[in-house]
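Today I am looking up side-chain pairs, starting with the charged ones.

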Amino acid sequence: MKSSENTAKTVLRTLNASEIAPGMRLQYYEHAAMDRAHHKFTALLGALPLVDKAAFSCLLEQIYQEAKEHFEQEERFMLTTEFDQYKAHKAQHDALLLLLDDQRNSLNAGHQPDAVGLQLKLCYWQDKHQQDWDYPLADFLRCRASWLGESAGI
């Protein structure tokens, strides 16, 4: 069929992590709960531009719930250990949940999702948050656990 030979081919291109968030990389904090939650969140973000319109709201809801549960866990760690940056760290969590909630409300109002735009925002947020807030928290938790022993439960 000659018409198929003339049809332009669609070329798919994979974005490099540096195109999404310049310093983004999977972090390992030697804290199983944090590592597991961060890696799962990264995987969910990777799926954003891949799902169709019908599945987008389900994925967005899953991202919201995963973030909320992880933030609640981190906040319990911070409160239990009297981490001195709790309020500022929690404010970062609240800001992301508000952004995700705004996205859910926008979808419910019938607006078209911008999966790539949302993915870029969330990847940038995650990268910055992990470097600025989660690394110091994980370091604090590791130090505290080493002083208190394994019975600390953090």
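**Entry 1: charges.** I began with a network of salt bridges that links Glu 61, Asp 101 and Arg 104. I count a salt bridge when a side-chain nitrogen of Lys or Arg is within 4 Å of a carboxyl oxygen of Asp or Glu. This is a predicted model, so I ask for pLDDT of at least 70 for local features and 80 or more for side-chain atom pairs, while totals for chains, interfaces and linings use all residues. Residues are numbered from 1 along each chain as its sequence is written, and side-chain values use heavy atoms, with hydrogens and water left out.

Glu 61 is in helix α4 and Arg 104 in helix α5, 43 residues apart; helices are DSSP runs of H or I, at least four residues, numbered from the N terminus. Is Arg 104 buried or exposed? Arg 104 counts as buried at 18% relative accessibility, whereas Glu 61 is partly exposed at 30%. My cut-offs are under 20% relative accessible area for buried, over 50% for exposed and partly exposed in between, with a 1.4 Å probe and protein chains only.

I then found the charged end of Arg 104 over the ring of Tyr 64, 3.7 Å from its centre. For that label, NZ of Lys or CZ of Arg must be within 6 Å of the ring centre and within 35 degrees of the ring normal.

**Entry 2: another salt bridge.** The whole structure holds 7 salt bridges. One of them joins Glu 66 and Lys 40 at 3.0 Å, N to O. Glu 66 lies in helix α4 and Lys 40 in helix α3 (residues 32–47), so this pair ties together parts 26 residues apart in sequence.

**Entry 3: rings.** How many aromatic pairs does a search of the whole structure find? I got 2, taking rings of Phe, Tyr and Trp (its six-membered ring) with centres within 6.5 Å; planes under 30 degrees apart are stacked, over 60 edge-to-face and the rest tilted. Phe 71 and Trp 125 have ring centres 5.9 Å apart and planes at 55°, so I noted the pair as tilted. Phe 71 is in helix α4 and Trp 125 in helix α6, 54 residues apart. Phe 71 is buried at 5% relative accessibility, and Trp 125 is buried at 15%.

**Entry 4: a histidine.** His 129 is in helix α6 and buried at 2% relative accessibility. Its contacts beyond four places in sequence (heavy atoms within 4.5 Å) include Glu 74 and His 93.

Notes
Helix = DSSP H or I, 4+ residues; strand = E, 2+ residues; numbered from the N terminus.
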